[in-house]
Amino acid sequence: MANNDNQAAQAFHEATKLSYINLLTKPPLYKSYPGLASVSLPEATSPGMPTLDAVSGSRANGAGEPLDLATVAQLLHYSAGLIRKSISASAGEVHYRAAASAGALYPIELYLVCGDLPGLAAGVYHYAPAENSLTQLRAGDYRGNLAAAAADDSLASTPATIISTAVFWRSAWKYRTRGYRYCFWDNGTVLANLLATANALGQPARVLAGFIDQDVDLLLGIDSEQEASTSLVPLGVAESSAPAAMQELPAVSSGDLGFSEPIPYLPSDLLHAEAALTSPQDVSGWRIAGHLSNTTLADSISSAPLGEAILHRGSTRRFARDPISLEQLSALLAASSAAIPADFGGQLTEPYLIVNAVAGLASGAYHYSRSSGELELLQGGELRDEAGHLCFEQALGADASAVVFFLADLESALNKLGNRGYRVAQLEAGIMGGNIYLGSHSLGLGTTGMTFFDDAVTAFFSPHAAGKSLMFLVGLGRTGTPNRVRPFRSKYGVLKDSLARGATGERRPVPDWLYSN
């Protein structure tokens, strides 16, 4: 009898329990390769180029020194390195990395594929941030294999390529299916640091998001499910010698991620599988020919050196309501919106803003044109409550001098680039947000990324933003004291709670966009 089978009741009860995140299943922050040889990296010297110039100045044209081990150390450390530690009285040692990460979960790993470099033999390496070292996975020159996987012959003679991968469970452990988005935000902030550092060192760099996924994963020895390749960044000037040939790929260690049974989230697993490219023809057909030139920031204001900005970077937990200057905001928008040297074109995302406290600029909602550099007022007036509500009911949004929302025409991106267009739209927004992180800290300001009510943001900025989807957002301003999260409840949060409990809403008009969350 069905009523005597108690499995339905037990299953329902388990599925509807409320609990905190299971701390026992939290994955480690670092991947390890026990037993494999490693190469210690020299201490990275700090890039001295002003941050805004490094982020938005003309890209390097090969005038820098030849790529060597010391330069590799700088590029890796200032992209994803361990920059400092602190001790929490309640939780123990806390690690801070060079680039911002959603929830400080750091799902991005970096690998290096190179020919013979001064101080480093040709091979395939994994970067270990905590040890500041490279673990050798393959000995020999495998640039030809990478060139074939990327359908880009130039990679066979380019000195080195840094490959990003995502360890999906590190993000999904906390954020579940939505964690797939955060992996590409995090990849974007790492790439923002990497591109700026390469520019500061005079090393040409570009982003390749199109490649044969399985072939790159095979080269690295990763499983494509728990960890998968997400982007390639070729570095340096192509050599004049004969390009590297393809080599056989014997099995190598896949390393230890520190977990064995992650919870599967089928929508993100399916999206990743459906976004795969499987042949050189797929890659060539997907890739947009040519790279956009980078916009130069004219009349840049003074900013701290790039290395200093990265080493002192940290997400703000409370903003003071003091204003920043229009000059600072303009510089940050120009820096964040500079064209990205990428095979997907790098122009999928547009900034929208809520301005709360910028001296010389009226409070309100704006759209920023990446082509003209002009701000268009969409709605004037005090919008702190709106900003706090849209930023998932957080005081950070209400207190920030400005909140920058990166929206993309997702339908257009998907029509042009297929399912992989979703990855690169998130990636581009992450790079732009990462640029604001770097620029803000170089100007003595604070910044932080936040989550959000997706459809409400689109509705709020409509009709201008109709049909667009929010990819990422950052708030910026002056860091408050103490730098700790403060309790917050917007008038819109209170109103929605009342309506959910049965209030009619007759005494206060309810804006249409509020019904979109």
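**A walk through the pocket, the sheets and the cavities**

The largest pocket has a volume of about 1400 Å³. Of its 45 lining residues, Ala102, Gly103, Ala104, Lys174 and Arg317 are the closest to the centre. This is a predicted model: local features need pLDDT of at least 70, side-chain atom pairs count only at pLDDT 80 or more, and totals for chains, interfaces and linings use all residues. Residues are numbered from 1 along each chain as its sequence is written, and side-chain values use heavy atoms, with hydrogens and water left out.

Some terms come first. Pockets and cavities are found on a 1 Å grid over the protein atoms alone. A pocket is an open set of points with protein on both sides within 12 Å along at least five of seven lines. A cavity is a set of points where a 1.4 Å probe fits but cannot get out. Lining residues have an atom within 4 Å of a point. Grid points are joined across faces, edges and corners, and a volume is the space filled by probe spheres set on the points. Helices (H or I, at least four residues) and strands (E, at least two) are DSSP runs, numbered from the N terminus.

Strand S2 (82-88), strand S3 (92-97), helix H5 (168-175), H6, helix H13 (395-399) and S15 each supply at least two lining residues. The lining of the largest pocket divides into 24 nonpolar, 13 polar and 8 charged residues. Here Ala, Val, Leu, Ile, Met, Phe, Trp, Tyr, Cys and Pro count as nonpolar, Asp, Glu, Lys and Arg as charged, and the others, Gly among them, as polar.

Rolling a probe the size of a water molecule over the atoms shows where empty space is left. The whole structure holds 3 cavities of 30 Å³ or more. The largest cavity contains about 80 Å³ of space. It is lined by 13 residues, with Ala99, Ser101, Tyr106, Ile108 and Val190 nearest its centre. Helix H3 (69-80) and helix H6 (179-200) each supply at least two residues of that lining. H6 gives the most, with 3 residues. By class, the lining of the largest cavity has 8 nonpolar, 3 polar and 2 charged residues.

Turn to the sheets. Strands pair if DSSP finds at least two bridges between them.

S4 (residues 108-114) pairs with S5 (residues 123-128) in the antiparallel sense over 4 bridges, and Cys114 stands opposite Gly123 in S5. S4 also pairs antiparallel with S7, over 7 bridges. There the bridge partner of Cys114 is Ala160. Ala160 in turn stands opposite Leu235 in S8. S7 and S8 run antiparallel and are joined by 8 bridges.

Which residues of S7 lie on each face? In a regular strand the side chains alternate between the two faces of the sheet. Ala160, Ile162, Ser164 and Ala166 lie on one side of S7, and Thr161, Ile163, Thr165 and Val167 on the other. Both faces are covered, with all of these residues buried. Buried means under 20% relative accessible area, exposed over 50%, and partly exposed in between (1.4 Å probe, protein chains only). In strand S7 (residues 160-167), 8 of the 8 residues are buried, so S7 is largely enclosed by the rest of the structure.

Strand S6 (residues 133-139) holds Thr135. At 9% relative accessibility, Thr135 counts as buried. The C-alpha atoms of Thr135 and Ala37 are separated by 5.9 Å, though the two residues are 98 apart along the chain.

A further open sheet has 6 strands in the order S13-S12-S10-S14-S16-S15, again with antiparallel pairing. Strand S13 (375-380) and strand S15 (446-449) stand at the edges with a single partner strand each, so one side of each is left without a neighbour in the sheet. The twist averages 25° from one strand to the next. Inside it, S14 (residues 402-408) and S16 (residues 469-477) pair antiparallel over 7 bridges. Ala402 stands opposite Leu476 in S16.

Conventions: Axes fitted to C-alpha atoms, helices over the stretch in contact; angles between N-to-C directions.
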